[in-house]
Amino acid sequence: MILQTGLRTDIPAFYSKWFANRLQAGFVCVRNPYNPVSVTRYMLAPEVVDLIGFCTKNPAPMFPYMNLLAPYGQYWFVTITPYGKDIEPNVPEKEKVMESFRKLSNIVGIDSVGWRYDPILISDVYPVERHISDFEMMAAYLSGYTKTCVISFIDIYKKVERNFPQARPVRPAERMKIGKAFAEIGHRYGMTIKACAEGNDLAPYGIDCTGCMTIETFERALHCRLDAPKRKSIRSECACYLGNDIGVYNTCGHLCRYCYANANAAAVRQNMKLHNPESPFLIGKGTPDDQIHDAKQTSWIDRQLYLFL
């Protein structure tokens, strides 16, 4: 099975010690965000967890614990954008994150790490031309350390509208100009540019629109085939294979203004106060009312095909 850690929060950046403790304990408890008394317990063992997926803006705090992750397949998406503290208040300096990206790639391998340059938003401070020039600078630095860069354009969800009222949708002409330029830059630096849930409009320019967190992505990281159960995407335009996430909404301390996973900064600060690195729960602890059930976990690796790869 595939265990996701980064769809609701950034565990490597803020909860690396907790996750290391969970790996050592061999299990983790996750509350259903829509029914908090319903708790799923996942076993953390390489016999049933084929790959752990990460999405982070700062992988460095996890580096001291990489030996605990070594028995597992891994795929890391690291988000690096040109935004400053006006948009991403608590994200480290881009130069430090890019340096960490290269270190991470050397540890896990080039097939197990991808760069995310998203969401793309347009403003007076971040016009189309700046995105193109900054993207090329970053691509040059990361060339040889990843084969993939994922892009997407900002979605104005209700949370985004509330926390970032200045944000506006990216216009079609702006999307086309950025997509064409990014595809050309990616080609120069040996990267496939993938669009995340953006339809097929950018395909004519050479953008891969087949999805980013796909089974094929994970198979390349594992260098083997997966016999994964079929699963419906959460959005019709999304081809990614999602689910089994151990994170918690309203817990990411980056406080990026475009974030869909945080309702507001006050909720995040309150939840982070409830974090205990020794707890099996990311936030808080167990209660007498909890209804705990064990997840059905099996390896998806096709052992027969694996022998030939």
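Select Glu 184 and Lys 180 first: because these residues sit 4 positions apart in helix α7 (residues 172-188), about one helical turn separates them. Helices here are DSSP runs of H or I with at least four residues, strands are runs of E with at least two, and both are numbered from the N terminus. The model is predicted, so local features need pLDDT of at least 70 and side-chain atom pairs count only at pLDDT 80 or more, while totals for chains, interfaces and linings use all residues. Residues are numbered from 1 along each chain as its sequence is written, and side-chain values use heavy atoms, with hydrogens and water left out.

**Helix α7**

Display the side chains of the selected pair. Glu 184 and Lys 180 form a salt bridge, with their closest N and O atoms 2.9 Å apart. A salt bridge is defined as a side-chain nitrogen of Lys or Arg within 4 Å of a carboxyl oxygen of Asp or Glu. Glu 184 has a relative accessibility of 39% and counts as partly exposed; Lys 180, at 40%, is also partly exposed. Buried means under 20% relative accessible area, exposed means over 50%, and partly exposed lies in between (1.4 Å probe, protein chains only).

**Helix α5**

Which residue meets Arg 130 in a salt bridge? Select Asp 134: the two side chains meet at 3.1 Å, N to O. Both residues belong to helix α5 (residues 128-142) and lie 4 residues apart, about one turn of the helix. An α-helix has 3.6 residues a turn, so residues three or four places apart point the same way. Arg 130 is partly exposed at 29% relative accessibility, whereas Asp 134 is buried at 17%. Setting aside neighbours within four places in sequence, Asp 134 is in contact with Pro 82 and Tyr 117. Contact means heavy atoms within 4.5 Å.

Next, select Asp 290 and Arg 31. Their side chains form a salt bridge at 2.7 Å, N to O. The pair joins distant parts of the chain, 259 residues apart: Asp 290 is in the loop between α9 (265-273) and β9 (291-294), and Arg 31 is in strand β2 (residues 27-32). Asp 290 counts as buried at 14% relative accessibility, while Arg 31, with a relative accessible area of 23%, is partly exposed.

A further selection is Arg 168, Arg 171 and Glu 174, which are linked in a network of salt bridges. A search of the whole structure finds 17 salt bridges.

**The loop at Ile 246**

Move to Ile 246, in the loop between α8 (215-222) and α9. Is Ile 246 buried or exposed? Its relative accessible area is 1%, so Ile 246 is buried. Beyond its neighbours within four places in sequence, Ile 246 is in contact with Leu 3, Gln 4, Thr 5, Ile 11, Trp 18, Phe 19, Val 28, Val 30 and Tyr 42.

**Helix α8**

Select α8, which is mostly covered, with 6 of its 8 residues buried. The buried residues are Ile 215, Thr 217, Phe 218, Glu 219, Ala 221 and Leu 222. These buried residues of α8 pack against β1 (2-4), β4 (51-56) and β5 (73-79).

**Helix α4**

Ser 100 is in helix α4 (residues 94-108). At 11% relative accessibility, Ser 100 counts as buried. Apart from its neighbours within four places in sequence, Ser 100 is in contact with Pro 59, Ala 60 and Phe 63.

**The whole chain**

The chain has 10 helices and 9 strands. Its radius of gyration is 19 Å, close to the 19 Å that the globule rule gives for 309 residues, so the chain is as compact as a globular protein of that length. That radius is taken over C-alpha atoms, and the globule rule is 2.2 Å times the number of residues to the power 0.38. The C-alpha trace spans about 55 × 50 × 35 Å along its principal axes. Of the 309 residues, 53% count as buried. Among contacts with a separation of 6 or more, 72% are between residues 24 or more positions apart.
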